[in-house]
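Take a look at the structure first, and then follow the points below.

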Amino acid sequence: MTGSGADVAAVEAANTALYEALERGDLETLGELWAGGAQDVEVADGDVSVVHPGWPVLLGRSEVLRSYALIMASTEYIQFFLTDVEISVLGDTALVTCTENILSGGPAEEDGSVGPLIGGLVVATNVFRRGADGEWRLWARHGSPVLVEQDDEGPEPDEPLQD
């Protein structure tokens, strides 16, 4: 981790707040954490971006927040366990890289019990900017899925199946 201790701690808190808002499905708080809003005049609406795993680049604050609204509407449950977190601060810009160990669930079962849970890994890069008010806000985010290795029980990709 590079940067002053106070700056790194503030960026870490902003990054944690991001994931907590996602877990709660709190779009209002999520909007406050993204740059380009009324509280952050230094960043224009079109200057923010997000790449969700498997999605194209989305540009503009309204498109970014709309994407999160869609994700939240179709996700009953999500929890993030962050590992490999690295934070670098240079002036008013901060870079956070991490591995998101994600546990998510689909719609609830008919009896009201939790639906099936699915685990996944995503490597993420979150870029924050410090506004004139001193608050760190997300400026850009990119998440890429991590492919997990297959077990040793199946044939190799180039190996023909045996009858």
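The exposed residues Leu70 and Ala73 sit on the face of helix α3 turned away from its buried side. Keep in mind that this is a predicted model. Let's look at that helix, then at a strand residue and the core.

**Helix α3**
- Helix α3 runs over residues 61-73, and its 13 residues should span 18 Å at 1.5 Å a residue.
- Arg61, Val64, Leu65, Ser67, Tyr68 and Met72 are the buried residues of α3. They lie on the same side of α3, because they cover an arc of only 150 degrees around the axis.
- Among the elements covering the buried residues of α3 are α1 (5-24), α2 (27-33), β1, β2 (58-59) and β6 (136-145).

**Ser49 in strand β1**
- Strand β1 covers residues 49-51 and includes Ser49.
- Is Ser49 buried or exposed? Its relative accessible area is 18%, which is under the 20% cut-off, so Ser49 counts as buried.
- Beyond its neighbours within four places in sequence, Ser49 is in contact with residues including Trp34, Leu58, Val64 and Trp139.

**The largest nonpolar core**
- This core has 31 residues, and those with the most contacts inside it are Val11, Leu22, Leu30, Trp34 and Phe128.
- Helix α1 gives the most to this core, with seven residues.
- Leaving out residues up to four places away in sequence, Phe128 touches Val11, Ala14, Val96 and Trp136, among others.

Conventions: Residues numbered from 1 in each chain as written. Predicted model: local features only at pLDDT ≥ 70, side-chain atom pairs only at ≥ 80, totals over all residues. Heavy atoms only, no water. Helix = DSSP H or I, 4+ residues; strand = E, 2+ residues; numbered from the N terminus. Buried < 20%, exposed > 50% of the residue type's maximum accessible area, 1.4 Å probe, protein only. Contact = heavy atoms within 4.5 Å. Expected span 1.5 Å × (residues − 1). Arc of directions from axis to C-beta. Core = buried A, V, L, I, M, F, W, Y, C linked by side-chain atoms within 4.5 Å.
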